[in-house]
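Dear colleague,

I am passing on a structure that you have not worked with before, and I would be glad if you could look it over.

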Amino acid sequence: MKQINRTAIIGMGALGLMYGEHIVTALGKNAVAFILDNDRFAKNQNKTFTCNGKKLNLQIKRSSDKEIFDLVIVAVKYNSLKSALATMKNCIGPETIIISVMNGISSEQIIGQQFGMDKMLITIAQEMDAMRDDSDLVYTKKGVLVIGKPTFSDNSKTMPAAKLSTSPAATADENLEAVKNYFEKIQLPFRIEENIMYRLWAKWMLNVGINQTCAVFDTNYKTATTPGKIMDTFVGAMKEVVELSHLEGINLADSEVDNYIRIIKTLAPEGYPSMAQDRKAKRYSEVEMFAGTVIELAAKHGIDVPVNKFLYNEMKKIESEY
């Protein structure tokens with residue numbers, strides 16, 4: 001039976017640090033390593049990271065130092081995915097399992113095209129409120145990882161089949177069982193979802209709404225869930241994704257909008273999502289992965305998505321001033 005002993009994390013943002021801290025606490029420093037390219041390694045090797053005020057004891061390695069890991073967690077922003085593929089290439093062996101905790105609906109396919117879809121599990125990180133400010137990580141809710149087997153096929157309207165590796169890697173069932181056993185061992189909150197593509201779209205729907213709304217209006221979870229123009233924008237953006245999901249064969253239920261509003265209301269009221277954090281730091285956002293993808297799919301189906309067009313245009317104006 002496949003076992004996970006060594007984990008590599010690609011990305012030292014809020015989620016990467018949160019999962020790294022969890023693994024170190026459960027199994028010790030040697031169980032996990034952050035893999036960085038030479039520039040990021042030089043920038044971070046002497047930096048002191050903290051989690052909720054407590055110093056983190058992290059292992060940081062250069063990507064040029066070849067070491068095969070049992071599990072690779074990709075936790076970068078969409079704009080950094082291309083460079084992440086180069087960063088992680090020396091970590092991947094025939095038996096390596098890869099999960100992506102990135103936002104959006106396409107990172108698994110992009111990674112799978114590079115390393116083989118048979119190494120991938122579909123993973124959704126949700127219900128957490130982790131925020132990173134420079135080298136300090138703060139969170140009150142760790143959330144849950146929702147995992148499932150890929151269901152990509154040549155008939156998929158949204159994501160065509162990625163190549164299958166010819167290596168004798170474990171099947172999706174074996175990979176899922178290995179990750180399940182590992183998460184149980186380290187007591188990381190998770191659940192297995194049979195219809196994982198549905199849940200992937202549902203989480204993307206939420207991010208299209210909450211990430212972009214909080215970024216454009218420079219606000220927090222509390223304001224985004226208080227009745228008024230800002231909440232109308234949050235809800236309207238999500239409803240446009242629901243409409244698209246029916247055209248793409250995913251068929252999100254209308255009730256998912258209310259479900260995710262309830263989830264957001266459980267987070268730290270003054271907290272805000274990653275795209276709003278990007279705006280405050282004057283970093284370019286993931287707007288292309290959110291409104292950009294919505295607009296592209298809407299054009300394919302000949303429908304209008306005015307809320308996402310508004311969010312897209314406003315975010316581009318904001319970024320043009322950086």
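A residue counts as buried when its relative accessible area is under 20%, as exposed when that area is over 50%, and as partly exposed in between. Please keep in mind that this is a predicted model.

By this scale Lys 317, with a relative accessible area of 48%, is partly exposed, and Glu 314, at 24%, is partly exposed as well. The side chains of Glu 314 and Lys 317 meet in a salt bridge, with 3.3 Å from N to O; the two residues are three apart in helix H12, and so they are separated by about one helical turn.

The structure holds 17 salt bridges, including one between Lys 149 and Asp 173, whose closest N and O atoms are 2.7 Å apart. This pair links distant parts of the chain, since Lys 149 sits in the loop between strand S11 (144–148) and helix H5 (172–186), while Asp 173 belongs to helix H5, 24 residues apart. Lys 149 is partly exposed at 33%, and Asp 173 is partly exposed at 49%.

Lys 316 forms a salt bridge with Glu 288, the closest N and O atoms being 3.0 Å apart. Because Lys 316 lies in helix H12 (residues 306–320) and Glu 288 in helix H11 (residues 288–301), the pair ties together parts that are 28 residues apart in sequence. Lys 316 is partly exposed, at 32%, and Glu 288 is partly exposed, at 36%.

Finally, a network of salt bridges links Arg 191, Glu 193, Arg 199 and Glu 256.

With kind regards

Definitions and conventions:
Residues numbered from 1 in each chain as written. Predicted model: local features only at pLDDT ≥ 70, side-chain atom pairs only at ≥ 80, totals over all residues. Heavy atoms only, no water. Salt bridge = Lys/Arg side-chain N within 4 Å of Asp/Glu carboxyl O. Helix = DSSP H or I, 4+ residues; strand = E, 2+ residues; numbered from the N terminus. Buried < 20%, exposed > 50% of the residue type's maximum accessible area, 1.4 Å probe, protein only.
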